[in-house]
Amino acid sequence: MKNRYEALLVLDTQGRDDTLKEVVDRLEAEFQKEGAEIEQVQKMDRRPFSYVAGKLDAGHYVNFVFHAEPQLITKLRSKFKLDPEVYRQHYQRLRPKVERPAKKLTEAN
């Protein structure tokens, strides 16, 4: 059974800001190649870190919302750990998206 997940990736594109679109497209293709169904990709710009962690003081945040089997998360985590452009990654299981009926407007007297 496929679950709904959110992956927040912090990208190390220091000195290569013009290649951000290519990196995000490549990562999206990697998700799809492994069997994930992408629902949404949200680019959240470059943000500074609270404290300097190693060589970086800022990173590009990208949020992926997707549907996948639970064992795929472990595979993606280990795959992106080896990717030099992925600085940090965080995965979270989301509640299933529920379609709610539209609210009826009440008539004003």
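Guide: Helix 1 (residues 20–33) and helix 2 (residues 70–81) pack with their axes 11 Å apart, at an angle of about 145 degrees. The model is predicted, and local features need pLDDT of at least 70, side-chain atom pairs count only at pLDDT 80 or more, while totals for chains, interfaces and linings use all residues. Residues are numbered from 1 along each chain as its sequence is written, and side-chain values use heavy atoms, with hydrogens and water left out.

Visitor: Which residues make the contact between helix 1 and helix 2?

Guide: Helix 1 contributes Leu 27, Glu 30, Phe 31 and Lys 33, and helix 2 contributes Leu 76, Lys 79 and Phe 80; contact means heavy atoms within 4.5 Å. By class, this contact has 4 nonpolar, no polar and 3 charged residues. Ala, Val, Leu, Ile, Met, Phe, Trp, Tyr, Cys and Pro count as nonpolar, Asp, Glu, Lys and Arg as charged, and the others, Gly among them, as polar.

Visitor: How do you know that the span of helix 1 is close to the expected one?

Guide: The expected span is 1.5 Å times one less than the number of residues. Helix 1 has 14 residues and reaches 20 Å from its first C-alpha to its last, close to the 20 Å expected. Helices (H or I, at least four residues) and strands (E, at least two) are DSSP runs, numbered from the N terminus.

Visitor: Which residues of helix 1 are buried, and why are they said to line one face?

Guide: The buried residues of helix 1 are Leu 20, Val 23, Val 24, Leu 27, Glu 30 and Phe 31. Seen down the axis of helix 1, these buried residues fall within an arc of 120 degrees, so they line one face; the arc is that of the directions from the helix axis to the C-beta atoms. Buried means under 20% relative accessible area, exposed over 50%, and partly exposed in between (1.4 Å probe, protein chains only).

Visitor: Where are the buried and the exposed residues of helix 2?

Guide: Leu 72, Ile 73, Leu 76 and Phe 80 of helix 2 are buried. They fall within an arc of 105 degrees about the axis of helix 2, so they too line one face. On the other side of helix 2, Gln 71, Thr 74 and Lys 81 are exposed. The cover over the buried residues of helix 2 includes strand 1 (3–11), helix 1, strand 3 (56–68) and strand 4.

Visitor: Why is Asp 12 called buried?

Guide: Asp 12 has 6% relative accessibility, under the 20% limit, so Asp 12 counts as buried. Asp 12 lies in the loop between strand 1 and helix 1. Not counting residues up to four places away in sequence, Asp 12 touches Lys 55, Leu 56, Pro 84, Glu 85 and Tyr 87.

Visitor: Why is Gln 32 called partly exposed?

Guide: The relative accessible area of Gln 32, a residue of helix 1, is 45%, so Gln 32 falls between the two limits.

Visitor: What makes Asp 45 exposed?

Guide: Asp 45, in strand 2 (residues 37–53), has a relative accessible area of 58%, which is over 50%, so Asp 45 is exposed. Phi of Asp 45 is near 65 degrees, a positive value in a residue other than glycine.

Technical notes. Axes are lines fitted to C-alpha atoms, for helices over the stretch in contact, and angles run from 0 to 180 degrees between N-to-C directions.
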